[in-house]
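Biologist: I have a chain open on my screen and would like to go through it. Could we start with the terms and then turn to the structure?

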Amino acid sequence: MNPVDFVPVKESQADTLGQLRQKAWASAYRGIYPDDMIDRFDYAWHKERDLLRIRNPKFDHYFIRQNEIPVGYLT
């Protein structure tokens, strides 16, 4: 198995964070969250919320990467 690493999310990567969140929700929460919430994921809303948190020193966001490719995230 290839090792993973954890790297801070940069403001310029907020779109990638949203894409990972949508994929995680679709995989883990389908049947728990309403399908419409997953299928009509509001990328713009999540990006704005993530940017506020990325800029806030009280929050930490990290990508979980494998082979330098983001495969998950931690907040």
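Modeller: Contact here means that heavy atoms lie within 4.5 Å. Please note also that this is a predicted model.

Biologist: With that in mind, which residues does Arg21 touch, leaving out residues up to four places away in sequence?

Modeller: Arg21 touches Phe41, His46, Arg49, Asp50 and Tyr73. Arg21 itself lies in helix H1.

Biologist: Is Arg21 buried or exposed?

Modeller: Arg21 has a relative accessible area of 3%. Buried means under 20%, so Arg21 counts as buried.

Biologist: Which residues are linked with Arg21 in a network of salt bridges?

Modeller: Arg49 and Asp50 are linked with Arg21 in that network.

Biologist: Let me step back. What is the overall secondary structure of the protein chain?

Modeller: The protein chain has three helices and three strands, and along the sequence they follow the pattern β-α-α-α-β-β. The C-alpha atoms fill a box of roughly 35 × 30 × 20 Å along the principal axes.

Biologist: How much of the protein chain is made up of buried residues?

Modeller: Buried residues make up 25% of the 75 residues. The accessible surface comes to about 5500 Å², and 52% of that surface belongs to carbon and sulfur atoms.

Biologist: And what share of the contacts between residues at least 6 apart in sequence join residues at least 24 apart?

Modeller: The share is 61%.

Biologist: Back to salt bridges. How many are there by the rule used here?

Modeller: The count comes to eight salt bridges. One of them joins the side chains of Glu11 and Arg55, with 3.0 Å from N to O. That pair links distant parts of the chain, 44 residues apart: Glu11 is in the loop between strand S1 (4-8) and helix H1 (14-28), and Arg55 is in helix H3 (residues 43-55).

Biologist: How accessible is Glu11, and how accessible is Arg55?

Modeller: Glu11 has 40% relative accessibility and therefore counts as partly exposed. Arg55 is also partly exposed, with a relative accessible area of 47%.

Biologist: Which residue forms a salt bridge with Asp15?

Modeller: Asp15 pairs with Lys47, and their closest N and O atoms are 3.4 Å apart. This pair, too, links distant parts of the chain, since Asp15 is in helix H1 and Lys47 in helix H3, 32 residues apart. Asp15 is partly exposed at 41% relative accessibility, and Lys47 is partly exposed at 29%.

Biologist: What about Asp36, which residue forms a salt bridge with it?

Modeller: Asp36 forms a salt bridge with Arg40, and the closest N and O atoms are 2.7 Å apart. Asp36 is partly exposed, with a relative accessible area of 47%, whereas Arg40 is exposed at 65%.

Biologist: Which residues of H3 are buried?

Modeller: In H3, His46, Asp50, Leu51 and Ile54 are buried. They cover an arc of only 135° around the axis, so they lie on the same side of H3. An α-helix has 3.6 residues a turn, so residues three or four places apart point the same way. On the other side of H3, Ala44 and Leu52 are exposed.

Biologist: What covers those buried residues?

Modeller: The cover includes H1.

Biologist: Thr16 next, please. Where is it, and what is it in contact with beyond its neighbours within four places in sequence?

Modeller: Thr16 is in helix H1 and is partly exposed, with a relative accessible area of 29%. Beyond those neighbours, Thr16 is in contact with Phe63 and Pro70. The C-alpha atoms of Thr16 and Gly72 are separated by 9.9 Å, although these residues are 56 apart along the chain.

Biologist: Finally, which residues form a nonpolar patch on the surface?

Modeller: Val4, Phe6, Tyr62 and Leu74 form that patch, with about 350 Å² of accessible area together. Val4 is found in strand S1 and is partly exposed, with a relative accessible area of 45%.

How values were computed: Residues numbered from 1 in each chain as written. Predicted model: local features only at pLDDT ≥ 70, side-chain atom pairs only at ≥ 80, totals over all residues. Heavy atoms only, no water. Salt bridge = Lys/Arg side-chain N within 4 Å of Asp/Glu carboxyl O. Helix = DSSP H or I, 4+ residues; strand = E, 2+ residues; numbered from the N terminus. Buried < 20%, exposed > 50% of the residue type's maximum accessible area, 1.4 Å probe, protein only. Patch = residues over 30% accessible without salt bridge, like charges linked within 9 Å, V, L, I, M, F, W, Y side chains within 5 Å. Areas by Shrake-Rupley, 256 points an atom, 1.4 Å probe, with all protein chains shown as cover. Arc of directions from axis to C-beta.
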